[in-house]
Amino acid sequence: MAKDSTAHPTSGPPTNLPERLDLLYEEAGQPRFGLPPVLATAYGGDLGFTLPCVYANFVASIDGVVALGPEYPSSGSVISGRKPADRFVMGLLRACADAVLIGAGTLRASPRHRWTPDHVCPQAAPDFAELRRSLRRATQPQLVVVTASGDLPTEHPALQSGALVATTLDGTRRLDGRLPPACTVLTTSEGSTVRMIDILAALHTHGHTTVLTEGGPHLIGNLLGEGLLDELFLTTSPVLAGRADTSRPGLIAGLELLPKQPAWMDLISARRRDSHLFLRYRLRLSDAGVSLRSTVAI
């Protein structure tokens with residue numbers, strides 16, 4: 001894989017955005033959306049996806065922890081150290097997406113969060129809006145919350161603003177009359193679990209072909225289990241989280257891959273800001289259709 005020497009702008013970053021990411025490596029021939037100049041300068045190059053695409057974005061400690069447990073709300077911010085560069089990348093990836101897909105556990109663990117680009121990087125809001133206009137995206141990505149049980153904090157501000165809730169028939173019954181008017185329920189299953197392929201098919205019928213997932217580990221396990229994940233953006237934060245008596249999950253929960261079904265990924269981009277690494281992987285085509293099924297009920 002060759003480095004793309006043309007993807008690193010030489011001008012300095014605008015003063016209202018984080019310092020430019022250093023491009024360490026990028027596989028040549030990547031698709032490009034044509035980022036607005038301000039965003040391209042801050043990111044250290046262009047960004048794009050081969051459509052349709054399902055891509056994940058996570059931050060992990062050096063020892064592989066992505067969440068600290070239910071007693072620590074918004075633990076991803078703790079792991080990342082709330083570094084501006086990480087929040088910028090999070091916002092940029094949201095700005096590229098038609099829809100942002102999360103599980104009910106992620107919603108409960110982030111009681112005040114909104115899954116919009118400007119929520120995590122408000123100083124780039126005008127540039128994110130310009131990018132979305134150029135891509136003919138809606139003003140904000142569609143938030144999609146997956147819950148098999150229907151157990152949701154219906155007072156959550158993200159639900160108050162409007163979301164698509166994908167659930168089972170039992171979950172639909174549980175949520176009847178409880179969701180804010182701005183929400184829409186998508187009943188995808190009469191059983192006790194939801195299938196991600198059904199949710200993505202429904203999103204595609206609405207033109208949502210660029211789907212970002214921000215978790216959690218159970219949700220990404222379901223996507224991998226059904227062979228539906230295309231790419232992974234992983235921020236490695238220079239911190240050790242540790243594990244003691246509490247459960248601190250890694251990237252995937254509810255699904256075992258090694259040793260029988262390894263899901264190998266290729267590194268297609270690497271960036272750095274100080275000691276944070278911003279890595280982009282693509283699932284190898286030979287591993288994208290593994291016939292696995294996760295049994296996790298979100």
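Modeller: A pocket, on a 1 Å grid over the protein atoms alone, is an open set of points where a 1.4 Å probe fits, with protein on both sides within 12 Å along at least five of seven lines; in a cavity the probe fits but cannot get out, and lining residues have an atom within 4 Å of a point. Points join across faces, edges and corners, and a volume is the space filled by probe spheres set on them. What you see is a predicted model, where local features need pLDDT of at least 70 and side-chain atom pairs 80 or more, while totals for chains, interfaces and linings use all residues. Residues are numbered from 1 along each chain as its sequence is written, and side-chain values use heavy atoms, without hydrogens or water.

Let's start with the second largest pocket, at about 320 Å³. It has 15 lining residues, and Leu232, Leu234, Leu251, Ile252 and Met265 sit nearest its centre. Helix α10 and strand β8 each give two or more residues to that lining (helices are DSSP runs of H or I, at least four residues, strands of E, at least two, numbered from the N terminus). By class, this lining has 13 nonpolar residues, two polar and no charged (Ala, Val, Leu, Ile, Met, Phe, Trp, Tyr, Cys and Pro are nonpolar, Asp, Glu, Lys and Arg charged, the others, including Gly, polar).

Now for the largest pocket, which holds about 1100 Å³. Its lining takes in 41 residues, with Ala67, Ser75, Thr106, Ala109 and Ser110 closest to the centre. Helix α10 (217–225) turns up here too, as one of the elements that give two or more residues, along with β2, α2 (75–80), α3 (84–95), α4 (104–109) and α5 (117–120).

Strand β2 (residues 53–61) includes Ser61. With a relative accessibility of 3%, Ser61 counts as buried (buried is under 20% relative accessible area, exposed over 50%, partly exposed in between, with a 1.4 Å probe and protein chains only). Beyond its neighbours within four places in sequence, Ser61 touches Ile79, Ser237, Val239 and Ala241 (contact is heavy atoms within 4.5 Å).

The largest cavity holds about 70 Å³. Among the residues lining it are Tyr43, Phe233, Leu234, Arg271 and Phe278. Strands β8 (231–237), β9 (265–273) and β10 (276–283) each supply at least two of the lining residues, and the lining splits into six nonpolar, three polar and two charged.

Phe233, one of the residues lining that cavity, leads us to the rings. Phe33, Phe49, Tyr55 and Phe233 make up one aromatic cluster, and the structure has five aromatic pairs (ring centres of Phe, Tyr or Trp, its six-membered ring, within 6.5 Å; planes under 30 degrees apart are stacked, over 60 edge-to-face, the rest tilted). Phe49 and Tyr55 are stacked, 4.2 Å centre to centre with 20 degrees between the planes, and both are buried. Phe49 and Phe233 have centres 6.0 Å apart and planes at 65 degrees, so that pair is edge-to-face. Phe49 is in the loop between α1 (37–43) and β2, and Phe233 is in β8, so the pair ties together parts that are 184 residues apart in sequence. Phe233 is buried too, at 4% relative accessibility.
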